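Let's take a walk through this structure together.

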Amino acid sequence: MDPLLNDEALMREALAEAELAGKAGDVPVGAVVEVGGAIIGRGRNRRQATGDPTAHAEVEALREASRVIGNWRVPGTLVVTQEPCPMCAGAAVNARIERLVYGCGNPKAGAVATLYQIPTDPRLNHRMVVQSGVLAEECAHLLRAFFEALRAGRSSLP
């Protein structure tokens, strides 16, 4: 199978999670973890819903994937709608993710290419393959719509 088609299909699943986050009043970022051709972890931002500063989409998806396989090592692909922050990029390294796929960049906190390069830093004990820009415009549009709604006085996506 063409890896880009697979990445796009996985990103559409991550976008569905992001939409759920936005409708619940959280920043619309979603993530999925794929291992062996199956999605074994799903996550979306839940910081507002849980009051937990670590409830980012990537962390949620990695936690579920770890439970499913019964191991902290998650030898698969993490797909996320926005470039991960330092915490999430570090979590991907610690989980031994093999591939990281993300949609749009994150100019304020991006730790994959924008501000830092955590997943590919040769000083760390693990590195991964990174693919950026998958359905980037759709991912960025969802974030823009959310923040426009906030500025207009609405607390979530319609």
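The chain carries 17 positive and 18 negative side chains, and the centres of the two sets lie 5 Å apart. Here Lys and Arg count as positive and Asp and Glu as negative, while His and the chain ends are not counted; each charge is placed at NZ of Lys, CZ of Arg, CG of Asp or CD of Glu.

A word on the background: this is a predicted model, in which local features need pLDDT of at least 70 and side-chain atom pairs count only at pLDDT 80 or more, while totals for chains, interfaces and linings use all residues. Residues are numbered from 1 along each chain as its sequence is written, and side-chain values use heavy atoms, leaving out hydrogens and water.

Of the 158 residues, 47% count as buried, meaning under 20% relative accessible area with a 1.4 Å probe and protein chains only; exposed is over 50%, and partly exposed lies in between.

Now for the rings. One aromatic pair turns up in a search of the whole structure. The ring centres of F146 and F147 are 5.2 Å apart and their planes stand at 85 degrees, so the pair is edge-to-face. Rings of Phe, Tyr and Trp (its six-membered ring) pair if their centres lie within 6.5 Å, with planes under 30 degrees apart called stacked, over 60 edge-to-face and the rest tilted. F146 is buried at 2% relative accessible area, whereas F147 is partly exposed at 34%.
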